[in-house]
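Hello everyone, and thanks for coming. Please have a look at the chain on the screen, and then I'll walk you through it.

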Amino acid sequence: MHTDLPPTVGRGTLYILLAAIAWGTGGAAAAVLYDTSGLGPVAVSFWRFAGGVLLLAAGHLTRRRPSAHPRVASTRPRHQWRQVVTTGVGLAVYQTAYFAAVGYAGLAVATMVTLGAGPVLIALGSRLTLGERLGRTGGITVVTALAGLVLLLGGGSAGSAPAPALGLACALLSAGGYAAVTLLNRKLGRDGSGQTSLLGGFAVGMICLTPLALLDGILPTAGDIRWTVGLLAFLAVAPTAVAYTLFFAGLAAVRATTASIIALVEPVTAALIAVLVLDERLTVTAVLGSVVLLAAVVTLVLGEPGPAPSSAAAAAAAAVLRDRDADMRNRRRPRRARVGGGVATRRPG
């Protein structure tokens, strides 16, 4: 029987951690594209979504296998299109607004505001819509993680930003889209249908971005075309197709707020890339912020409870038990028939 059972908490945590590390490379790649290719935030998001759709579709076709039993699903078909559209619009808003914030306010401010406001919005939303409670220790850990984020991103050079106020507004809009996508797919993940909205969501997001990208300029106008295509392909693979597949899978086992705190590993990854690849230096404040943030992530992960049984998981487990009982009954029936009909005989003593 083919079932989509949620991962364990440990595996879900690992998935989200790997997704955050992959995301840590996305902002830097987008910033390089802005400086060298002539592409704007909307165009970069469009190509990222287009490449992500192709890769996710290829992966979906590869994973499809015929099964004699129908797949267990708790989501009714008439509601799936709403979930797909909501996910797609949320992803489009989140990604495009974040890249716009990077262009207007700089990478540090965009990342700090988006990832800082995101856990707060998610904590409130998960309490109101999902009934998930962090408790006093969890709340303190979230505040500690946000303090580490401020220290990390505030420890670098401020730099000049062309439109900081507009960048701040875009970052807050991005945080809202990020929170909406996380909360929706946490709910879908608990019901066993989180992955079904990923490919469709990216397709909807690409459609939403197409007219805006055509107006903004969809083709690069400067720089080496091979370098530009390589960066766009990288954005489609690591921080998009791979990262979101892992993130959506992890949401089936990990609370929404915990997932958003684990995602704060993203700026730590970006800082390490800046030091190791771009030959930049971190201040003592930035190093301290990284340590505080990572300590908060570890504390929250260790305190993550096991997932409650979802309706899809319970139905799948019950179906497995029914199949096993049916197989045992089928094995016993021929044996009883032979004994009753006199087929099985003894030799004379």
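Let me start with a question: does Asp224 count as buried, partly exposed or exposed? At 38% relative accessibility, Asp224 counts as partly exposed. The cut-offs are these: buried means under 20% relative accessible area, exposed means over 50%, and partly exposed is what falls in between, with a 1.4 Å probe and protein chains only.

Before going further, a word on where this comes from. This is a predicted model, in which local features need pLDDT of at least 70 and side-chain atom pairs count only at pLDDT 80 or more, while totals for chains, interfaces and linings use all residues. Residues are numbered from 1 along each chain as its sequence is written, and side-chain values use heavy atoms, with hydrogens and water left out.

Back to Asp224. Its side chain meets that of Arg226 in a salt bridge, at 3.5 Å from N to O. By salt bridge I mean a side-chain nitrogen of Lys or Arg within 4 Å of a carboxyl oxygen of Asp or Glu. The structure holds one salt bridge. Arg226 is exposed, with a relative accessible area of 67%.

Now the overall picture. The chain has 13 helices and zero strands. Helices (H or I, at least four residues) and strands (E, at least two) are DSSP runs, numbered from the N terminus. Of the 349 residues in the chain, 43% are buried.

Let's turn to helix H1, which covers residues 9-23 and includes Leu14. Leu14 is partly exposed, with a relative accessible area of 43%. Together with Leu17, Leu18 and Ile21, Leu14 makes a nonpolar surface patch of about 300 Å². Patches are made of residues with over 30% relative accessible area and no salt bridge; like charges are joined within 9 Å, and nonpolar side chains (Val, Leu, Ile, Met, Phe, Trp, Tyr) within 5 Å. The accessible areas come from the Shrake-Rupley method with a 1.4 Å probe, and for residues only the protein chains shown count as cover.

Tyr15 is in helix H1 too. Tyr15 is partly exposed, at a relative accessible area of 23%. Along the chain, Tyr15 and Ala259 are 244 residues apart, yet their C-alpha atoms are separated by 9.9 Å.

There are other such pairs. Tyr34 has its place in helix H2 and is buried, with a relative accessible area of 17%. Tyr34 and Pro220 are 186 residues apart in sequence and 9.8 Å apart in space, C-alpha to C-alpha. Val150, in helix H6 (residues 135-154), is partly exposed at 47%. Between Val150 and Ala286 there are 8.7 Å in space, C-alpha to C-alpha, and the two are 136 residues apart in sequence.

Next, the inside. Rolling a probe the size of a water molecule over the atoms shows where empty space is left. How many cavities of 30 Å³ or more does a search of the whole structure find? The search finds four. On a 1 Å grid over the protein atoms alone, a cavity is a set of points where a 1.4 Å probe fits but cannot get out, and lining residues have an atom within 4 Å of a point. Grid points are joined across faces, edges and corners, and a volume is the space filled by probe spheres set on the points.

The largest cavity has a volume of about 100 Å³. It is lined by 13 residues, and the closest to its centre are Trp23, Tyr94, Gln95, Tyr98 and Glu266. Helix H4 gives the largest share of this lining, four residues. By class, the lining of the largest cavity has seven nonpolar, four polar and two charged residues. Here Ala, Val, Leu, Ile, Met, Phe, Trp, Tyr, Cys and Pro count as nonpolar, Asp, Glu, Lys and Arg as charged, and the others, Gly among them, as polar.

The second largest cavity holds about 50 Å³ of space. Of its ten lining residues, the closest to the centre are Gly24, Tyr98, Thr111, Glu266 and Ala270. Which element gives the largest share of the lining of the second largest cavity? That is H11, with three residues. The lining of the second largest cavity divides into six nonpolar, three polar and one charged.

Notes: 1 Å grid on protein atoms, 1.4 Å probe; cavity = no way out; pocket = protein on both sides within 12 Å on 5 of 7 lines; lining within 4 Å.
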